[in-house]
Amino acid sequence: MTIREGGPRGGADHRMSNSSHHDDLGRAAQQAQQEANMGTTYQQWKNGLNHPHNRSVNTSNINPNPSSGQAGLPSSNPSASYWLQPSDLSQKFEDYRSTPDLPQSADTVIVGSGITGAFAAWFLLEQTGGRAKVVGSGVGVGSGAGKEEDEEEEEENNNSYSSSSSSSSSGGGNILMLEARRQPCSGATGRNGGHCQPYVYSASTPSIAEFELANYQFLKAFVEEQGIAGAVDWRNLKTVHVYLTEEVWEGAKGLVETLPEGLRGQVDLVDEARKGGEEGETLRDLRVPGAKGAVVQKHAASLWPWKLVAWVLERLLERFPVGREGRNGTGEGQGGGGFNLQTNTPVLGLEKLGDGKWTVITSRGHIKANRVLLAMNGYTSNLLPEMKDLIVPVRSQVASLKPPKDAASGKVAELDYSYAFISEEKFPRDEYLHQRPLPGGELIYGGARSHAENKAVGVWQDDEVERGVATYLRQNLAPYPLDLTLDKTGSTPTETPTEGNETTELEATHQWTGIMGFSRDSSPWVGRVPESLGGGENLYLCAGYTGHGMPQAALAARMIVEEITGKPFADDGLKLPQEMALTEERVKWVRANTKALKEQQQAPGWSATMPQLLTATETRA
């Protein structure tokens, strides 16, 4: 294992407390002290905007005490993600600001422009803005009645926002979205592995598994009914969880065998003794002949996640332009009902006012908001330091690899599945993979945090990649554990490598990092932030997906919007699993009954992505 060169440097406690009734002088003094104490100051952050965009080095900025878990501001010069390649749309969004000046007030401020923030804005505006039929319920219904009704109402909605105005007291009105970086969706959603796969058997409870399946069905219907499945590269497929050692395979079988009847039919078990599904797949058919066994989940997808979020944001900007009252940048006139996106605007602090409203303190000025939704995931503790033990930043690393070409034909293998690779070894495997469309067929391969220093727990900078992890990802995919031959006839190693095989190294087109928000109990935190955590009335949170946001975030956003508006969107029975609700009771229980992430990550084979599985193995400490 390669260890990064150089010692850690970076942030300390640098955020402003959420307190009320500060006078201007006191607030200015506090903000000045805040910036003086910042490990990555705003000025350093700003200076980073001028640096080369793509960096790949073997040192990184790490909190002096990574286990403290508190995040800093997003890196101003993040590593170059495959999903953030230059395009006409990305150039349109570069340094995007709906109004030249920052509004002084807004009905709703959303901090963060990833999948959570985008769908929260979508549900708020499309639903409470008088367009309820455009967006479906989220349980297999999808995104609404289709484009015909959409077009019929285009002119009416571009000229009138009266319905939006009347809904401001219940969560409608204008929305101001703030993004710290130059490009929207440049955080976790724009830096992930491109998967949307519900955890059916390894979810912590059946209710969460069912919620994730509903989220998958919602997104599937959404892209189909909006006619953007091709534009966002949505591909329905099965996913194969590959178990490479006996301990984890026994644990996986145990979890599958205890599934409720309704969920058991969603997965198949495949090993030397049994074939899977109607097609009778074998381990060799699945391209993993050296595995102990595999769990095949029937419902999953791959996609270009940035394109999905960018489409949603572009649609909102077109449908809900800033109203006339807000075009001067004051943000006054809540009847405007518009959607205002402001990039390159990091939020430095929050201040609770006596009337239930909030002041959002940014690098460009202060905003008075009726309500605030924090959709920052791994960066949550930057504004809510009281939650630093509940949502901890963890860095993930991903690579885009060129698949090997067949010597005779020059072709590359086309994969029918997406994958996860799990093992219990000296350096446990917890990796994920899917393939981009041919002819390129790049392999999007990520994980390998066991090869990162401190398993990358507490790291909130994504401006650099770790050389040791990057090398591992290039060298440890084929021929073991994955057969990438055209005809699936690759040989199985006679002695299974315990630290991977270095016989084949694939060329990387991109190598990048992203920041996940790991929840202490592995479930997201969705709801109003209690005062004990620095919140209060009209401050909401939707974060802590533990590297698993794509099959949770869109409907989690719907759930938080329902809490804001006080009404459901449809009589479909969809409810937020109680395990995901942000309540005082859950906070107390989690702190009393679960280990802090620092302690969890010291256990052999620790991985918050599949805690139930690893808990089920005998080797789990």
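Modeller: The structure holds 17 aromatic pairs, where rings of Phe, Tyr and Trp (its six-membered ring) pair if their centres lie within 6.5 Å, and planes under 30 degrees apart count as stacked, over 60 as edge-to-face and the rest as tilted. One of them is the tilted pair of Tyr243 and Trp249, at 5.9 Å centre to centre and with 35 degrees between the planes. Tyr243 and Trp249 are both buried (under 20% relative accessible area, with a 1.4 Å probe and protein chains only).

This is a predicted model, in which local features need pLDDT of at least 70, side-chain atom pairs count only at pLDDT 80 or more, and totals for chains, interfaces and linings use all residues. Residues are numbered from 1 along each chain as its sequence is written, and side-chain values use heavy atoms, with hydrogens and water left out.

One aromatic cluster is formed by Phe119, Trp122, Phe123, Phe218, Phe222 and Trp311. Phe218 also belongs to the contact that helix H8 makes with H14, together with Phe211, Ala214, Asn215 and Leu219 of H8; the H14 side comprises Ala553, Ala554, Leu555, Ala556 and Met559 (contact means heavy atoms within 4.5 Å). The axes of H8 (residues 206-225) and H14 (residues 553-565) come within 8 Å and cross at roughly 100 degrees, so H8 is roughly perpendicular to H14 (65 to 115 degrees). Axes are lines fitted to C-alpha atoms over the stretch in contact, with angles from 0 to 180 degrees between N-to-C directions; helices are DSSP runs (H or I, at least four residues) numbered from the N terminus.

How values were computed: Buried < 20%, exposed > 50% of the residue type's maximum accessible area, 1.4 Å probe, protein only. Helix = DSSP H or I, 4+ residues; strand = E, 2+ residues; numbered from the N terminus. Parallel < 35°, antiparallel > 145°, perpendicular 65-115°, else oblique.
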